[in-house]
Amino acid sequence: HTIFILNGPNLNLLGKRQPDIYGAETLADVEARCRALAESLGVTVAFFQSNHEGVIIDTIHRAREEAAAIIINPGAFTHTSVAILDALNAYDGLVFECHISNVHKREPFRHHSYVSGRADGVMAGFGTEGYELCLRRACSLLSKA
Ligand code: DQA
């Protein structure tokens, strides 16, 4: 199986951006840990980051042919993007929504997610470990499928 891990806007700045909220680890560190875990679980991961909504949508379209599951941290597009929801609704595989911070403990505008209604699971507030937890869950569901 191939699993896409998609990261939205500003996540390229992980480690430098508000480390009190998002931690000191970089996105490259997260990618390396996910790759190591994927190898031990016997799956392939394709890791993406874009600051552009349309590029994220194009990548979700690619997943229709290429991925059995998507783990997505849409960043601020979580709270704004009907277009990303529509793209996920056109995708048949598993979807996990992953937030590093606990969005429910933060400003009210972060409490609503367009993506959650489509997601098979939602992770928030587990730091960057959340990506690995999503990966484990995706693999356990895929191995039962
Ligand atoms: C985030 C939470 C969002 O509200 C925010 O806009 C982000 C990151 C998270 O991972 O905690 O960019 O998705």
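Which strand holds His-99? His-99 lies in strand E4, made of residues 94-99; strands (E, at least two residues) and helices (H or I, at least four) are DSSP runs numbered from the N terminus. Before going on, note that this is a predicted model, where local features need pLDDT of at least 70, side-chain atom pairs count only at pLDDT 80 or more, and totals for chains, interfaces and linings use all residues. Residue numbers start from 1 along each chain as its sequence is written.

**The annotated pair**

UniProt, in an unreviewed entry, lists Tyr-22 and His-99 under "active site". Its positions are given in the numbering used here, feature names are shortened, and annotations may be inferred rather than shown by experiment. The two span 78 residues in sequence, yet no two of their C-alpha atoms are more than 9.5 Å apart, so they gather at one spot.

Here is how they sit.

Tyr-22 belongs to helix H1, residues 19-22. Contact means C-beta atoms, placed from the backbone, within 7 Å. Skipping neighbours within four places in sequence, Tyr-22 touches Leu-14, Arg-17, Ile-100 and Ser-101. With that same exclusion, His-99 is in contact with Asn-73, Met-123 and Ala-124.

**Around the ligand**

His-99 also turns up in the ligand's surroundings, along with Asn-10, Asn-73, Gly-75, Ala-76, Thr-78, Ile-100, Ser-101, Val-103 and Arg-110.

Strand E4 is part of an open five-stranded sheet with parallel pairing, ordered E2-E1-E3-E4-E5. Two strands pair if DSSP finds at least two bridges between them. Strand E2 (44-49) and strand E5 (121-124) are the edges, each pairing on one side only. On average, neighbouring strands are turned by 15° against each other, direction ignored. Axes are lines fitted to C-alpha atoms, for helices over the stretch in contact, with angles from 0 to 180 degrees between N-to-C directions.

Five bridges join the parallel strands E1 (residues 2-7) and E3 (residues 69-73), and Asn-7 stands opposite Asn-73 in E3.

Key
A residue is near a molecule or strand if its C-beta atom, placed from the backbone, lies within 6 Å of it. Two residues are in contact if their C-beta atoms, placed from the backbone, lie within 7 Å.
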